[in-house]
Amino acid sequence: MTLLKVDNISKSFNTLQVLQNVTLDVQPGERHVIIGPNGAGKTTLFNCITGQLPLNSGAVFLEDVEISKLPPNKLVHLGMARTFQKNNLFGDLTVKENLHLALTALKPYRYQLFKPLSNYSDLKKETEELIEQWQISDRQNVKVDNLSYGEQRLLEVLLALASKPKILLLDEPTSGMSPAETAQTSEMIQKLPRSVALLVIEHDMDVVFAIADRITVIHHGEVILSGTPEEVRNDDTVRQIYFGGGAKAHA
Amino acid sequence: MSIYIVQLLTGVAYGMLYFMIAAGLTIILGVMNVVNLAHGAFFLLGTYFAFTFMSLHLNFWLALLLAVIVTAILGIIIEKLLINKLYGKELEQVLLTFGLTFVIADCAKWIWGTEMQTIAVPELLNSSITIGEMVFPAYRLFVVLVGCILAVILWYLESRTRVGAIIRAGVDDRAMVAALGINVRLVFTGVFAFGAGLAGLSGVLGGPLIGMYTGMDSDILVTSLIVVVIGGLGSWKGSFVGAILIGLIETLGKIWFPSLSMLIVFLLMVVVLMIRPQGLYGKVVSQ
Amino acid sequence: MKNNLFIILILIISVSGLPFLLSGFGVDLATEIYIMAIFAMSLGLLMGFAGMVSLGHAAFFAIGAYTVAILGQFINNVYILILSAIIIAGLIALLTGSLFIRTSNFYFLMITLAFGQLLYALAWQLENWTGGADGMRVSATLDFGFGEIASPLAIYYLMGIAFIFVYILLKLFVNSPAGRIIKGIMENPSRMAALGYEVRVYKLLVYSLAGALAGFAGSLYGYFNMFVSPDLTYWKFSGEVMIMVIFGGVGTLIGPVLGAGLFIILQNFISSYTERWQLILGAILVLLVLVGKGGIIHWFGYFKEKFIIRKGTKNVETSKPIEEEREVIT
């Protein structure tokens, strides 16, 4: 069964057509990367899929259930999570407290009013597991505002992972990172279990080809190609847009 | 029927008073981002200043002029001395202007007492115009006229002058104005003084209609804040429409449902906010 | 946790010990402070933990007080009356809140202000029920089933216990899952939605809880003052509670308590010397805004930083005052 199906969606802001008849799909466990020049409409596509923006036409399905009109918070409960291009964290809280917030979202006791949060042992355990798994135990009590940029990007992904999604949408996980941090993040993404499918927007071609099972190229709001990394690498139009033809390459 | 038409005039006249005070309030909010809870106090002071000048045997028109000028100067002093220190701290500004309402209202009580007073209608306008069975007091017609003239002046100022362009830019994007090399402090002081002066004008003109009493500043403040919300932040056009709407509802409401006019006003505000959260003519501000 | 127990212990000791140090008038004043402290904490919860700045919170206080006054004419049962006050205030907060929470910042401030003024107008106009501008006497008696509580000292202890109870309740709330989530929503609502939370449900929850607590405080005030009037829902009263919260310290629970204490003591002190107390109180308020360092509770942190940290014994980071300033308008 197809996990995520984006069916012929369009989106415009006033007179500006940002997405035009975009169709794509993600299979369970697949790593699907979306590339395209700046302003191609990639983040808008994410916002349309995750319910942040209403569609003009078309529909989005998650496991054959239409989700086009559902708000973002409902989607999390259906197994979809996302990260943001700009870090979108709780700066005043520590790493651990950020994880607590993310993990509590799916707990039945999220409406519990008078019992201290610290009393829930399952929450404690899951937090520790995440911390251990991603080897951030030495940073767990640091206020997020005091983390390095790369660490914040990592936490951004961890918050999304906390809901144990079937599909995770990563919006430019390496944006603004140093080469070393980029390599680290690429490695981390590759380490993500296959139980979660990935839909990734990425500019760094090394990262793209390291993680992608399939690549979809978007240009001016339209899908111009979707195929294996090999097919994309050898496609003339893509080369035109990306690697030649005077267009600025994004590295 | 004719009584309603006369009441309609009264409603519009009250609406014009609300418009004058709301125009200042909305622009102070829009440009300076200050919720000026002391704005009703300027209205009160305008009335009392005019009252005092008239008791010194000045005529109404001179008293009007002087009262507006003195209120505007007071606005400058308050802006320069106090509000100036707190830009960017909205909560503190709310508290500061809240404290000022206590100070000004209590001073007014001290100086002018708590008895209800009124300002006499100027002789020139102490007549009425009769059309068929309907009797229109000339003074109310005059207030409507002043309100309309003010609306035209503000429209001209906003759309045709450099000052208006700066103010419009200020409502849209405050940082932008600073980046353009415009003296923001001066703009703020000017806007605040202008708003205070308008509130003073409204107070003087309202003197013969509403009179002056303790707590008037609060009543008028709450009403004009509602006008601002209904009309939309920073929009003079919105204030104009909203003010007339509220003036009519209050006046006609008092005839038909004496105890429910506040409820109608409140419901109108809720409905507007639910349908158009930015007010009738407010700009949508992206978060 | 240890810190919390320590504060609660201090509260218990001061509440039980104060009457031995105070005159009869002082005991009355302290009683009023406990009631206002409950009220201020309820607004403090809304402002400091949910970022919702209301300028009409007195509406719920008045609903509680009027409930005791009006229903008390028919049923003289303290349990039923206080419970009704809490439930009615909470329900009205739930109903109006479901509309109000759709707005934010300045618009929320305005719509709550207008709601308070609406109730003010109604309290004036529905004379048959409320006594209109003259207000009405509270005829219900404080009798929990073992005789009427009438002595000022007994009322003092009753309100003191209510105050400590609410403090503990709120302390539990802000540390509960829902409390933490509400704070997360204040910081970053869009991210909380993306994490899977129903942002509006939580906002409505905290607004209703704050309303119910204000109603509770109002019902106690009804019993304490034995008289209610429209002034209880006037916007200036809402503004005064806001002052208590901000001068005590937004973002803490004990801050609004200190703010309530300071405000009421100051108000009584000044008004006992001069009729012009509003003028002086207003001027003090203006001054405090200009020199204030974000609330009394933060002054402690400030002094600690200034005088203790200089000796180099403590880590600066831990004793830094917590800044919880929220934007009213964006």
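Where does UniProt place the feature "transmembrane region" in chain C?

## Transmembrane regions of chain C

In an unreviewed entry, UniProt places this feature at residues 33–51, 58–75, 81–101, 106–126, 154–174, 201–221, 241–266 and 278–300 of chain C, although such annotations may be inferred rather than shown by experiment. This is a predicted model, in which local features need pLDDT of at least 70 and side-chain atom pairs count only at pLDDT 80 or more, while totals for chains, interfaces and linings use all residues. Residues are numbered from 1 along each chain as its sequence is written, and chains are lettered from A in the order in which they are written.

Residues 33–51 of chain C are 95% helix and 0% strand, with end C-alpha atoms 24 Å apart; helices are DSSP runs of H or I with at least four residues, and strands are runs of E with at least two. For residues 81–101 of chain C, the span is likewise 95% helix and 0% strand, and its end C-alpha atoms lie 28 Å apart.

## Where chains B and C meet

Contact, meaning heavy atoms within 4.5 Å, joins 46 residues of chain B to 45 residues of chain C. Together the two chains bury about 4200 Å², of which 78% is on carbon and sulfur atoms; buried area is the accessible area (1.4 Å probe) lost on putting two parts together, summed over both. On the chain B side, B:Leu91, B:Leu95 and B:Phe102 lose the most area to chain C.

## A salt bridge

The interface of chain B and chain C holds 1 salt bridge, a side-chain nitrogen of Lys or Arg within 4 Å of a carboxyl oxygen of Asp or Glu. The side chains of C:Arg276 and B:Asp106 form a salt bridge at 3.3 Å, N to O.

Methods: Side-chain values use heavy atoms; hydrogens and water are left out.
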